[in-house]
Amino acid sequence: MTEPFLIILGSGMLVAAASGLVGSFLILRRMSLLSDALSHVALPGIALGVVLRFTPLWGGLAALFIGVILIWLIETKTKLATESVTGVLFVTALAAGALLIPEHELLEAFFGSVEKITLQQIAFQTLIAIAIISVALKFLKPLTLFSVAPDLSISVKVSPVKMQLLLLVLIALTISVGISFVGVLLISALSIIPAATARNLAWNYRSFLAFSVALAIVSLAGGLLVAQRYAVTPGIATVLIAASFFAVSLFWKK
Amino acid sequence: MKPEPLLEVENLAVALDGKTIIEHVSFSLEPQQVLAVIGPNGSGKTVLLKTLVGIIPPAHGVIRWRPGTRVGYLPQRFHVDHYLPMTVQEFLNLKSPAKGALHRTIAAASMGEKWLRRDLAHLSSGELQKVLLAWALLDEPQILLFDEPTENVDMVGQESIYKLLHRLQDTMRVALIIVSHDLHVVYRYANNVLCLNKQMVCYGEPEEKLTPDTLSKLYGDYAFFHHRHSNHQRDDHRYGHE
């Protein structure tokens, strides 16, 4: 193992921890498909980065924030059915991004590419991952309550509108830092599959969060290690590992 | 001397999506009083409670809480996902209760210590209601707003929750606003009744205000009397027949 690989592994484990944590709220709030759709929005941003030669991560992040603001506005200000609008919007974003991006870069954007990660990018990702984890833990109770029983959150002076925005921002940040590892198409798997597995295994909320974070870390670390030894893309290996944990958890279920 | 009211509502109107749901609602509530809100389905009872606690903004009128009043709210629906991995204790802790409050509260809500370790997802709707009551009691409210569920409540649960509320009124000296579908509850527990059907149809003491005329205005003649008559026998020993 080379030194850069160890750095990537360490950074990846933090990113995975953030994904697992945010993923547990998505599962509770039944927003897993929304995060899947949202991840596609990153593609046009990444494409612009590739075409105009700036770090694609920034483009992806900017595009995601526009996506978040759009969802939030649609949900709070209009009477449109969020599901159908997000469906239309995000598939369009995917098509537009795929059109812009050169074909040989497309697969990397879809499934992730670890080789191209620069040290600067790693530092940035790691910091964002730490920020996501700290904010999520700081707001753990209001975020949980909002996800479980939105009607009750008002009774503890928690604004559901603000919590929804906070959650969307956390999702967008999680997607943006995870993309280089697992790509646009698979990123939501990194947050959803571990949380779904954790729900099958958990006996209370604390264990649910712990399982979700641990499974995300193990899956991504496993994916990176497998990709190091065999000719597989890390993103694909990660998702398959996470999915096999899920399959096992089905038999475990009470 | 009359005590200062906990809550005064003047000429309240609420609209959702530009459509008026309730209007011309005025009442007041003193400490330790019980107000029952009755009316047919869709008459705006739940909307009224949600407006009082601040979930829905009023379109018009005034809601005046006595400053510093702690309000507990039990919503009508509390859906818990079948797979939610959370114990009762973890759920109640989401409210960050003061030290000792958790154990005091579950005792007040007639729940034993073993309740704390139970899975939220495996509780019956009546049991969930008790958990919600404990949630509302955690910060020792001076008033509880209770939105009675219309469906899916086990009868045992429903019966005991009224006894429980009645006891809380005595021991913790809480005032209550109860949305109810059951006139027995109104006659037995309420100081005042507010009949709602988009507008305020009556307001005052139940014995005085619940005249056949008012009731038929509220529910429509035939459906109401027919329903009451056919259920009369069973009504005497159970609640929540709707």
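Before anything else, I noted what "meet" means here: two residues are in contact if their C-beta atoms, placed from the backbone, lie within 7 Å. I also reminded myself that this is a predicted model.

**Entry 1: confidence.** The mean pLDDT of chain A is 87, and 98% of its residues reach 70 or more.

**Entry 2: α7 against α9.** Which residues of α7(A) meet α9(A)? I found Pro142(A), Leu143(A) and Phe146(A) on the α7(A) side, and Pro160(A), Met163(A), Leu166(A) and Leu167(A) on the α9(A) side. By class, this contact has seven nonpolar residues, no polar and no charged ones. I then looked up the geometry: helix α7 (residues 140-148) of chain A and helix α9 (residues 160-201) of chain A pack at an angle of about 105 degrees, with their axes 10 Å apart. Angles of 65 to 115 degrees count as roughly perpendicular, so α7(A) is roughly perpendicular to α9(A).

**Entry 3: α9 against α11.** My next stop was helix α11 (residues 234-252) of chain A, which packs with α9(A) at an angle of about 20 degrees, their axes 9 Å apart. That makes α9(A) roughly parallel to α11(A). I noted that α9(A) passes α11(A) in a left-handed crossing. Residues making the contact include Phe181(A), Leu186(A), Leu190(A) and Ile193(A) of α9(A), and Val239(A), Phe245(A), Phe246(A) and Trp252(A) of α11(A). How do the residues of the contact of α9(A) with α11(A) divide by class? I have 17 nonpolar, six polar and no charged.

**Entry 4: Leu168.** I picked one residue in helix α9 of chain A, Leu168(A). Is Leu168(A) buried or exposed? Leu168(A) has 22 C-beta neighbours inside 10 Å, and 20 or more is the cut-off, so Leu168(A) counts as buried. Leaving out residues up to four places away in sequence, Leu168(A) touches Val68(A), Ile71(A) and Trp72(A). I also looked up Leu34(A): Leu168(A) and Leu34(A) are 134 residues apart in sequence, but 9.6 Å apart in space, C-alpha to C-alpha.

**Entry 5: between chains.** Last, I turned to chain B. I found 16 residues of chain B in contact with 17 residues of chain A. The side of chain B that touches chain A has eleven nonpolar, three polar and two charged residues.

Terms used:
Residues numbered from 1 in each chain as written. Chains lettered and ligands numbered in written order. Predicted model: local features only at pLDDT ≥ 70, side-chain atom pairs only at ≥ 80, totals over all residues. Axes fitted to C-alpha atoms, helices over the stretch in contact; angles between N-to-C directions. Helix = DSSP H or I, 4+ residues; strand = E, 2+ residues; numbered from the N terminus. Parallel < 35°, antiparallel > 145°, perpendicular 65-115°, else oblique. Nonpolar A, V, L, I, M, F, W, Y, C, P; charged D, E, K, R; others polar. Left-handed = near helix turned anticlockwise from the far one by under 90°. pLDDT = per-residue confidence, 0-100. Buried ≥ 20, exposed ≤ 12 C-beta atoms within 10 Å, placed from the backbone.
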